[in-house]
Amino acid sequence: MPYLTSTGTTRRAGGAEQLGFGVPGYAHPLLAPTEWAELTCPGTPLHWAVLNIDDGPGARPDPHCLEAAGRLRNARERAVHGETPQDSVRAAGGRLLGHLDLAFGSRPFGELIADAQSFLDWYRVDGFYLGRCPAGRAELPAVRRLTSTLATLLEHDEGAEEHGPLVLGLGTHPHPGYAEAADQLVTFSGPWTDYRWSQVAEWTAAYPPKRFAHFVHGVPRTHLEEAMRIARWQGAGTIFFTDRDGQHGLRGLRGRDGLHGLHGPHGQTDPFAALPGYWDEIVSRIGPGISE
């Protein structure tokens, strides 16, 4: 199992662990070429990025997504083999995750495993992001069954030297048992107006920052430093902050080919589908070599 289940680590005292980015899912590479290109830049503190073609892997391999996946994989390989030795974060991260939509526990187990296998076969993903993951105690056994099976698939993937994480896209603090079901939990996903007053669950203090991720939209540039302080204090090691608010971002297209634009599941603009306006600034603030 890949689960990082060590406990007993005090997370908020020193804040020494370096923050990095988790990208919930940029728009289709045709609609967001700049976004995907930025992920391959040397020095980008990327932990992982989610590939989502059509609420999953789609019906067939997409050539544009294949190209984007290959570029990200090659960027990590260059870092691992020392061509960009300063890129210490990418050498340890830079993983590509396939998006599996759990629909809050309503999708059949077999469908999810079939989607996971397609991601592995077509795009050689390193791990999986389980979107719309349920958070209650009653659903925990089913989630554990799924993550255990996904871990087995990753361990037996002959095309990967080392597999990446399983991330639960919860968006809230779940029952504590979920911490043992995956490598990382997204315990906040929402607007800055909620995040700045949010509180962390006490049980999370037993785990290191690499176990938690926070996604926050609508963060003004003037409050970026405050948002980063909150993430460190609450013990999140992976973040994605954006000034986009889900209402005024660019809108993409989702046509008959299933291309994802910048829309969310109900037609709203997805604030996480494009680069924040202060991307260069936040990269420089948490880039390699900077102690948090």
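Analyst: Two strands pair if DSSP finds at least two bridges between them, and strands (E, at least two residues), like helices (H or I, at least four), are DSSP runs numbered from the N terminus. This is a predicted model, in which local features need pLDDT of at least 70, side-chain atom pairs count only at pLDDT 80 or more, and totals for chains, interfaces and linings use all residues. Residues are numbered from 1 along each chain as its sequence is written, and side-chain values use heavy atoms, with hydrogens and water left out.

User: What makes β7 and β8 a pair?

Analyst: Four bridges join β7 to strand β8 (residues 238–241), and the two run parallel; in β8, Phe240 is the bridge partner of Phe215. Strand β6 (residues 184–191) is also joined to β7, by six bridges and in parallel, with Gly190 bridged to Val216.

User: Why is β7 called largely enclosed?

Analyst: Buried means under 20% relative accessible area (1.4 Å probe, protein chains only), and six of the six residues of β7 (residues 212–217) are buried, so the strand is largely enclosed by the rest of the structure. Phe212, His214 and Val216 point one way, Ala213, Phe215 and His217 the other, and all are buried.

User: Why are α4 and α5 described as roughly parallel?

Analyst: Angles run from 0 to 180 degrees between N-to-C directions, along axes fitted to C-alpha atoms over the stretch in contact, and those under 35 degrees count as roughly parallel. The axes of α4 (residues 109–123) and α5 (residues 140–155) cross at roughly 25°, and the helices are therefore roughly parallel to each other.

Technical notes:
Angles under 35 degrees count as roughly parallel, over 145 as roughly antiparallel, 65 to 115 as roughly perpendicular and the rest as oblique. Buried means under 20% relative accessible area, exposed over 50%, partly exposed in between (1.4 Å probe, protein chains only).
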